[in-house]
Amino acid sequence: MANNSFRGSKHGRRAEDNHESEFSCSLQELRSLMELRGAEAITRIQECYGDVNGLCTRLRTSPVGGLDGNSEDINRRKEEFGQNTIPPKKPKTFVQLVWEALQDVTLIILEVAAIISLGLSFYSPPDANRLNCGIAAGGVDDESEAEAGWIEGAAILLSVVCVVLVTAFNDWSKEKQFRGLQNRIEQEQKFTVVRGGQVVQIKVSEIVVGDIAQVKYGDLLPTDGVLIQGNDLKIDESSLTGESDHVKKTLDKDPMLLSGTHVMEGSGKMLVTAVGVNSQTGIIFTLLGSSEEGDGEEKKEKKKEERKNKEKKDKKSKKEDRGKKGKNKEEPTVEMQPLNEDDADRKKKNLQKKEKSVLQGKLTKLAVQIGKAGLFMSTLTVIILITRFLIDIFWVQGVVLIPECVPIYVQFLVKFFIIGVTVLVVAVPEGLPLAVTISLAYSVKKMMKDNNLVRHLDACETMGNATAICSDKTGTLTMNRMTVVQAYFAGHHYNKVPEPDLIPATILDLLILGIGVNCAYTSKIMTPEREGGLPRQVGNKTECALLGFTLDLHRDYQTTRNEIPEEKLFKVYTFNSVRKSMSTVLKNDDGSYRMFSKGASEILLKKCCKIMTTGGMVKPFKNRDRDDLVKKVIEAMASEGLRTICLAYREFPTTEGEPDWDNEAHILSGLTCIAVVGIEDPVRPEVPEAIRKCQRAGITVRMVTGDNINTARAIATKCGILQPGDDFLCMEGKEFNQRIRNELGEIEQERIDKIWPKLRVLARSSPTDKHTLVKGIIDSTVLERRQVVAVTGDGTNDGPALKKADVGFAMGIAGTDVAKEASDIILTDDNFSSIVKAVMWGRNVYDSISKFLQFQLTVNVVAVTVAFTGACITQDSPLKAVQMLWVNLIMDTFASLALATEPPTDALLLRNPYGRNKPLISRTMMKNILGHAIYQLTTIFLLLFIGEKIFDVDSGRNAPLHAPPSEHYTIIFNTFVLMQIFNEFNARKIHGERNVFEGVYRNPIFCSIIFGTLVAQFFIVQFGGKPFSCVGLTIDQWLWCIFLGIGSLLWGQLVSSVPTSWLKFLRTAGHGTQRDEIPEEELEEMKDQDEIDHAEMELRRGHVLWCRGLNRIQTQIRVVNAFRDSVSPYEGLETPESRSSIHNFMNHPEFNIEDSEPQIPLIDENEGEDEPPTKRNSINIPPPLTGLSNMQPLPSSPNQHNNLLHRDIPRSGMIPPNSAGLPPCPSSPLHSLETSL
């Protein structure tokens, strides 16, 4: 072997002067080698280097021990052959972002108007007598005031600059956050190499040419290399070549491994020959980068156009497609860029993701509608202002048009135009995208702390709508810390690991040898990190359990591995989802072979024809024996939730000749069973609670596992996925496939629809089954709502299911690179409870946007109406352009920050998912928006038309051009802003809750923004002067303004007392794209079903109490009458059932099926006194629903009437509280009633 370290050698010293002589291989030589494939590459290697070992010698590395890892050598290699990084794309500079923000159409219109206004203010006609131009034109007492006309134009420009800077800063911080996220993903990326004879994991960016890397199933190759040794290695090279077939890699046929390709099967070792920009992927990126930078500005523009067109046409070869994507990605390119790329499927996925975001679709539609309405109103405002002005001047006043007056009239026109544009600015909700971005970015940042690494922003929001989660078992629901706890040897079933002396020596030796060589050499047991801790399991956890088992038997697997290193293994059939087993073949000295196998017990036992018995003897293993073993041992282990693994071997004597190793079916038959072991993987302690939360939130959890059905059922029961007595399905992949296919073997959606609603556990399933199930649930139309499915996956083959799902979760620890690549969110702790946190954050994003919308639309409605009516009646908007821009700043930027950063609460998990067709603005929100708009408009118009009398100030109406600011209009502006600030508290609740201050202290951003806005408002009013059209106010006037502002909080209580169901005329807004496809009746039903309205709940509780009170009085009268008439005392009394039904209703007042009216007990005034009261007071109870998931739980607001209820409930003859088949709802305010019973 070549000497690894040459620091002290002459050669090493000389190399510092001359790098060429250091390695007898140049960078160019290696690059040209890596461009060859198959036979050509083998020929080149044989001609130039003899074989791969010769290449290792030239690169001064050892194929067994790797590099020695000394930093001087590593740095020299980095200098010579480059680093394994691809330089990131330059981020946009702040100036570029400012320029982009300036492209906004409304801002451009404002800028133009402001510049015209500025220009005209400096122009004064020479001798024109202003009075000749009409009354409105003259009348300015102070000449200096007229000269200060430039201030308004300048102030508008200044506020435009503010808006632009704020937008640019937000974009800049967003991009910075994206980069942080990318870097985080990139830093998590590690790879296994051999250095100094030790297997170590290093960062991908630290890999250098000459490293010996270990590749295994599921890896994404970070560099180019040449195969040194491989076991059954198959690579997916579609991302580079477009060929979807997996390419088999062997030393004698095709040893070239390329960066950016996926290992789909097997394992091996490779010599790294090209890294970073010199690897195949790097070369593509370099080509793209240089072509982009080399062009001038014009070409860049053209390229953008071309690129857009290219994206539309999906006809280019996949290689270009791959490159193009590198160019078009919005996310910055980072080192290890191949991580973010994939084949054509990936492109489709990206498109799919873009279509998929429910929220984005609804918001875009809503923003367009509001924008159109705003444009209409602003145009109307300008037309009315101009028409009124012209009629007033030329008709009413009869002024004759003279040239000197034209500039003055133009100034008026510009003023009107500015008013129109400000109406448009206020109406257009440009804060919406900002609110979404802030909300998502904030959530993503916080989700990192909750172990969710979000790769696609919209996945966070989609997760809030999730209705089903298909979860893996191992590692997600369980701890993924496997240990062998039971074993079956030599005819004995041991309930704990036996002492070694109880096991016959021959069996023990075979067992230790078999486990040592037939577990991947990358799996091993390490010493604990701290004293007293558990040993660390590295690699595949099932294999670690078996290796730990050998240690429990006081034997060391490492000695076996030292005797038989990986290079000496004759052939390895690696584990995959089809085989469900792994086999390793050893060649004996006499030319015979021995194969060790391990795998799923029921699969491997079918391939066994012998079994080892007491004394280490071998006896035939018949079908009847197998059935006995399955019943007595395997099912017994599985029912305790253990995973059962069978260990077997087979001898190939020389007499039989050389076996056909490719005939797998023949090789893997006629085995001899050594032992069956039961491996325990305990359920994570937090999982049952997390699953309970999911079920309460209306999310169905399904377990999809490769394990035995009995094991899966036992674990599902422990987790709470299956409850005792539930009518749910558990089935195996085989049965599932039979039931969903027709006679021709094709999958039929109708057949899937019969199974999936009740399916809870799918065992012994392949990744294809998982994909079929996910696709079936998503495409199903059985339920009214389209299901939103989240899926967890860790294996390479889970890729298709992760891509198909609405949200794919990959495991950060156990997951392969391919799975992470296909996923939307990476669970850094592989824990199911982190998924529940993702649901909470997703729902929070949706609610945050709704809160912001509720606030913004209230301001929109009020500001536009005030500007419009003010302009029409008084010829001038009460709110000036600069003031409007300030309101716009509060409304858009600050409010989106304040309301989009509300932290999530557990209450979010007490309701069902909203679903895709749920409008963004519910009827309750519409009620709040219109209710608050009425209060604000009434206040503003009162102040506008009689404000001067109330406050005893000069009227600000009909002021001439350039008139000084008036106290009257300042009071209006101040009151308006204060009402918005206090209304921001109301906007925090969107379901009509009473307490709007609840949890406000948990959001410091909200508090600081409210405080900051108040302070800024004070300074603007007191010291804003001419630019803000403000005059300083007295303390009395300030107190009145604050009083009117706080009034909106009190008014809010009144608005939330009105049940939404009374306001049938209210319409929802902001539906998804499918709005038009939903029939009107269904829409009405959906509104009533989905609406959460607290006023309604309070009203219904009150109603029921009234009815019960009245009922009691009537019953007492009846009893008295009965005794008086000496009739049977029980005649005509209500039956216990009706009481019970009321009681059930009382326990669950939140039922809101179809329409709420039938459920409110109605007392008919005209009903005959003698009719039995049961009929009169009966209540239509909806049919019992299964589980809590279908109910809309009530928030726990204190109920004043509990004591009254306790007194009223009859104790005797009552059906138990749960008679309707409903679990008690702990969140119900009437839960105490049930416990008392």
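This is a predicted model: local features need pLDDT of at least 70, side-chain atom pairs count only at pLDDT 80 or more; totals for chains, interfaces and linings use all residues.
I will start with the whole chain. The protein chain has 1237 residues, and 56% of them count as buried. Its secondary structure amounts to 44 helices and 26 strands. If we take contacts between residues at least 6 apart in sequence, 76% of those join residues at least 24 apart. The accessible surface is about 53,400 Å², and carbon and sulfur atoms account for 57% of that.

Now the inside. In soluble globular proteins, nonpolar side chains tend to be buried together. Here, the largest nonpolar core holds 125 residues. The members that touch the most other members are Met463, Phe809, Phe832, Leu853, Ile921 and Phe973. Which helix gives the most to this core? That is α33, residues 832-874, with 20 residues. Apart from this core lies another one, of 41 residues, including Val204, Ile212, Leu227 and Ile235.

Take Phe809 as an example from the largest core. Leaving out residues up to four places away in sequence, Phe809 touches, among others, Asn452, Met463, Leu802, Ile825, Leu827, Ile835 and Ala838. Met463 is on that list, and Met463 is also one of the core members with the most contacts to other members.

Next, the empty space. Rolling a probe the size of a water molecule over the atoms shows where empty space is left. The count comes to eight cavities of 30 Å³ or more. Among the lining residues are Gln854, His932, Lys989, Glu993, Arg994, Val996 and Ser1056. Helices α35 (923-951) and α38 (1035-1057) each supply at least two of the lining residues. The largest share, three residues, comes from α38.

Last, a single residue. Glu265 sits in strand β7, which covers residues 262-274. Is Glu265 buried or exposed? Its relative accessibility is 14%, and the cut-off for buried is under 20%, so Glu265 counts as buried. Not counting residues up to four places away in sequence, Glu265 touches Tyr217, Asp232, Leu233, Lys234, Thr574, Asn576 and Arg579.

That is the end of the tour.

Note on methods: Residues are numbered from 1 along each chain as its sequence is written. Side-chain values use heavy atoms; hydrogens and water are left out. A nonpolar core is a set of buried Ala, Val, Leu, Ile, Met, Phe, Trp, Tyr and Cys residues joined through side-chain atoms within 4.5 Å. Buried means under 20% relative accessible area, exposed over 50%, partly exposed in between (1.4 Å probe, protein chains only). Helices (H or I, at least four residues) and strands (E, at least two) are DSSP runs, numbered from the N terminus. Contact means heavy atoms within 4.5 Å. On a 1 Å grid over the protein atoms alone, a cavity is a set of points where a 1.4 Å probe fits but cannot get out, and a pocket is an open set with protein on both sides within 12 Å along at least five of seven lines; lining residues have an atom within 4 Å of a point. Grid points are joined across faces, edges and corners, and a volume is the space filled by probe spheres set on the points. Accessible areas come from the Shrake-Rupley method with a 1.4 Å probe; for residues, only the protein chains shown count as cover.
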